[in-house]
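Here are some friendly notes to read with the model open beside you. Take the points one at a time and find each residue as you go.

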Amino acid sequence: MDWITDLLADWYLVTKSLHVISVIAWMAGMFYLPRLYVYHVEQVEPGSATDRMFQTMERRLLRAIINPAMAATWTFGLALVFTPGVVDWSFTWPWVKAGAVLAMSWFHGWLSARRREFAKGTNTRSGRTYRMMNEVPTVLMVIIVFSVITRF
Ligand code: HEM
């Protein structure tokens, strides 16, 4: 399996660039979707044409941007994990980053579940809840970036 390790080492900087590009797309969607939910709850009459338009925007944002961007972030991120010399698990930062990334992925699942509720007209959560949940990806992003850059 040496050839895989060699390949990952040769492509390290390309993989890292693709990882960061995917992260930007994933985060853009993760910041925007809860915002859409705030407007959806507070400003839109259920069953109206605007309701259907919001459902379309939410579905497309997840299917066309957020889901593929998360898959790409994980793919290139794991490729970096297996690149020789990149992650030293005796440090704290890889564990902190791993925890925050798992939490980010959980939040992604939570947003998908809420989208399905909006599509069925069974949303029970308030605009305030979505406003608060909107801070989750921000806090996780700050933790992740400090982890990978400071490497404590
Ligand atoms: C989804 C699973 C993820 C895995 C397995 C993963 C793993 C990694 C690894 C191993 C590196 C290489 C570190 C280095 O070369 O120094 C890296 C770099 C990076 N990651 Fe992730 N990552 C993931 C998600 C994320 C997320 C969600 C963010 C941001 C919110 C992020 C932001 C970054 C940044 C900014 C770098 C570049 C750091 C540098 O320049 O050294 N990653 N990632």
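1. Start with lysine 97, and set aside its neighbours within four places in sequence. In this predicted model, lysine 97 is then in contact with His19, Ile144, Ser147 and Val148. Lysine 97 itself lies in helix α4.

2. Is histidine 19 buried or exposed? Histidine 19 is buried, because its relative accessible area is 10% and the cut-off for buried is under 20%. Beyond its neighbours within four places in sequence, histidine 19 is in contact with Thr73, Phe76, Gly77, Leu80 and Lys97.

3. An unreviewed UniProt entry places the feature "binding site" at His19 and Lys97. They are spread over 79 residues of sequence, yet they cluster in space, with a largest C-alpha distance of 14.4 Å. Both His19 and Lys97 are included in the lining of the largest pocket.

4. That brings us to the pocket itself. How much volume does the largest pocket have? The value is about 850 Å³. Its lining has 30 residues, and the closest to the pocket centre are His19, Leu80, Lys97, Ile144 and Val148. The elements that each give two or more residues to this lining are α2 (12–43), α3 (49–81), α4 (93–120) and α6 (135–150). Which of the elements gives the most? Helix α2 does, with eight residues. Sorted by class, the lining holds 24 nonpolar, three polar and three charged residues.

5. For contrast, look at the second largest pocket, which holds about 160 Å³ of space. Its lining consists of His40, Val41, Val44, Glu45, Pro46, Asp51, Phe118, Gly121, Thr122 and Asn123. By class, that gives four nonpolar, four polar and two charged residues.

6. With neighbours within four places in sequence left aside, arginine 125 is in contact with Val41, Trp110, Arg114, Glu117 and Tyr130. Val41 also belongs to the lining of the second largest pocket. How far from valine 148 is arginine 125, C-alpha to C-alpha? They are 23 residues apart along the chain, and their C-alpha atoms are separated by 34 Å.

7. Next, the unreviewed UniProt entry places the feature "transmembrane region" at residues 12–33, 61–82, 94–111 and 132–149. Two of these spans can be checked against the model. Residues 12–33 are 100% helix and 0% strand, with end C-alpha atoms 32 Å apart. Residues 94–111 are likewise 100% helix and 0% strand, and there the end C-alpha atoms lie 25 Å apart.

8. Finally, step back to the whole chain. Its secondary structure comes to six helices and zero strands. The C-alpha trace spans about 60 × 30 × 20 Å along its principal axes. Of the 152 residues, 36% count as buried. Among contacts with a separation of 6 or more, 79% join residues 24 or more positions apart. The accessible surface comes to about 9,100 Å², and 67% of that belongs to carbon and sulfur atoms.

Methods:
Residues numbered from 1 in each chain as written. Predicted model: local features only at pLDDT ≥ 70, side-chain atom pairs only at ≥ 80, totals over all residues. Heavy atoms only, no water. 1 Å grid on protein atoms, 1.4 Å probe; cavity = no way out; pocket = protein on both sides within 12 Å on 5 of 7 lines; lining within 4 Å. Points joined across faces, edges and corners; volume = space filled by probe spheres on them. Nonpolar A, V, L, I, M, F, W, Y, C, P; charged D, E, K, R; others polar. UniProt positions renumbered as here; feature names shortened; annotations may be inferred. Buried < 20%, exposed > 50% of the residue type's maximum accessible area, 1.4 Å probe, protein only. Contact = heavy atoms within 4.5 Å. Areas by Shrake-Rupley, 256 points an atom, 1.4 Å probe, with all protein chains shown as cover.
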